[in-house]
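Let's take a friendly walk through a protein model. Have the sequence and the 3D view open as you read.

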Amino acid sequence: MKNLVLLALISCLVACGGGGGGSNHQTSSTYASSISSDSSSFSSVPALKDLADFPIGMEVSAADQPRSIFIEKSQLPTINKHFNSLVAGVIMKMSFLHPEEFNYHYTDADDLADYAAENGMILHGHTLIWHWDSQIPDWMKNYTGDWQAMLDDHVTQITAHFAGKVVSWDVVNEAIDPETESGFRESIFYQKLGSKYIENAFIAAREADPAAVLYYNDFAMEASQRKLELMLAMLDDFKERGIPVDGVGFQMHTNIFDPSIEQIQASFKAVADRGYIVRISEMDVTVNRFNEQFFYNHIKELQKQRYKNIIKAYLAAVPAAQRGGITFWGLVDGESWVNELDPDYRDWPLLFNDDYSPKPAFFGVVEALLDE
Ligand code: G3I
């Protein structure tokens with residue numbers, strides 16, 4: 001069943017002209033020797049999407065948001081060249097899609113879906129349920145009626161609206177918390193409904209769009225053994241009871257230092273061994289733990305190796321039929337969410353410099369994909 005869904009997703013990509021199944025024409029060592037700086041020209045570098053048989057994705061901004069693809073058009077050639085899958089960083093979250101109890105706002109996300117379709121890309125939906133305070137609409141925070149019925153309606157309406165436009169969803173995002181006794185994040189959803197809201201969201205999403213691939217998405221599952229175990233226990237319980245989860249998204253907001261590649265690979269494998277699709281869903285690799293002012297060349301090289309090794313670990317741990325793809329959380333360093341956190345801190349976590357030239361990290365990804 002899951003493989004069928006994934007096959008459908010990949011054949012949609014090919015039919016849409018997004019091209020997943022490119023063959024690897026050049027070996028990684030050729031690339032390493034011929035193109036290795038971060039000043040390579042646009043046309044001389046390979047398109048990432050041509051190097052993989054699974055979706056290669058990008059987090060984008062849309063509507064009137066900062067760095068929207070409909071406003072900052074200079075980013076489009078790079079996005080269109082390298083990626084065949086998009087995810088909205090902000091505009092498909094709860095407060096955007098469902099700003100008032102009886103008002104769903106779809107036009108901005110529909111525009112993004114149209115952009116994806118017109119450019120041969122798939123659209124991944126992020127996210128139906130997430131605890132992040134500013135992304136929960138005020139009316140929901142103050143809701144006094146039947147919370148389960150209300151959340152069911154939220155999931156059903158949105159998933160049904162995007163059926164045929166969104167191929168996969170992060171149904172529930174970041175619901176596990178290794179710091180709590182229950183192991184679940186004590187979000188407003190948990191406080192109202194206990195952990196039941198999680199399974200009910202998957203059930204409602206499957207009913208509303210049986211073709212969509214349904215993911216549980218979370219961060220640091222590769223870094224915290226307890227978090228991984230809690231998530232696996234949830235999956236095992238769901239499997240036993242027939243709750244329709246198809247895959248797991250490892251956000252992979254990581255860094256050049258830790259955890260070890262072995263631990264990351266083992267985390268992917270634990271999920272893949274249970275038969276689930278595995279996605280790297282929000283990848284970025286920070287480098288600046290010690291608050292340096294410069295992005296030194298030796299750090300660029302470490303970042304390149306880290307990207308390469310994590311993607312190689314993914315390819316080694318996850319069989320081809322279970323690869324949901326890799327999505328990078330932003331295009332250029334200057335616009336990464338990590339640079340919005342603190343004005344006194346900056347980092348260089350992504351694949352491209354601010355002028356869209358590829359960084360060594362980009363070539364780390366190329367080399368990992370070509371090594372396959
Ligand atoms: O909408 C306003 C805009 O009108 C205003 O001009 C601007 C001023 O800075 O703020 C805008 O909203 C911000 C939005 O990003 C767009 O930049 C929000 O305040 C800010 O909270 C929002 O941050 C996003 C965050 O999720 C919360 O939604 C980040 O861009 C996005 O990268 C981040 O993504 C999360 C994933 O969803 C889940 N996993 C972790 C990941 C990183 O935190």
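## Before we start

This is a predicted model, in which local features need pLDDT of at least 70 and side-chain atom pairs count only at pLDDT 80 or more, while totals for chains, interfaces and linings use all residues. Residues are numbered from 1 along each chain as its sequence is written, and side-chain values use heavy atoms, leaving out hydrogens and water.

## Helix H10

Start with helix H10, residues 225–240. Helices (H or I, at least four residues) and strands (E, at least two) are DSSP runs, numbered from the N terminus. H10 has 16 residues and spans 22 Å from its first C-alpha to its last, close to the 22 Å expected at 1.5 Å a residue; the expected span is 1.5 Å times one less than the number of residues.

Several residues of H10 are buried, among them Lys 227, Leu 228, Met 231 and Phe 238. Here buried means under 20% relative accessible area, exposed means over 50%, and partly exposed lies in between (1.4 Å probe, protein chains only). The buried residues of H10 pack against helix H9 (196–208), strand S5 (213–218), strand S6 (247–250) and helix H11 (261–272). After H10 comes Gly 242, with a positive phi near 70°.

Asp 218 lies in strand S5 and, at 0% relative accessibility, counts as buried. Which side chain does Asp 218 join through a polar contact? The partner is Lys 227, at 2.9 Å. A polar contact is a pair of N or O atoms within 3.5 Å; within protein, one must be able to donate a hydrogen and the other to accept it, and residues adjacent in sequence count only if both atoms are side-chain atoms.

Leaving aside residues up to four places away in sequence, Asp 218 also touches others, including Asn 173, Glu 174 and Phe 250. Contact means heavy atoms within 4.5 Å.

## Backbone details

Glu 174 has a positive phi near 60°, although this residue is not a glycine. Glu 174 sits in the loop between strand S4 (168–173) and helix H8 (188–193), and is buried with a relative accessible area of 8%. Arg 67 also has a positive phi, about 60°, and counts as buried at 19% relative accessibility.

Look for two cis peptide bonds too. One runs from His 126 to Thr 127, with omega near 0°, and Thr 127 is in strand S3 (residues 122–130). Another joins Asp 258 and Pro 259, where Pro 259 lies in the loop between strand S7 (253–255) and H11.

On a 1 Å grid over the protein atoms alone, a cavity is a set of points where a 1.4 Å probe fits but cannot get out, and a pocket is an open set with protein on both sides within 12 Å along at least five of seven lines; lining residues have an atom within 4 Å of a point. Grid points are joined across faces, edges and corners, and a volume is the space filled by probe spheres set on the points.

The largest pocket has a volume of about 660 Å³. Of its 29 lining residues, Gly 89, Lys 93, Trp 130, Trp 329 and Trp 337 lie nearest the centre. There are also four cavities of 30 Å³ or more, and the largest cavity has a volume of about 70 Å³. Strand S9 gives the most to the lining of the largest cavity, with four residues.
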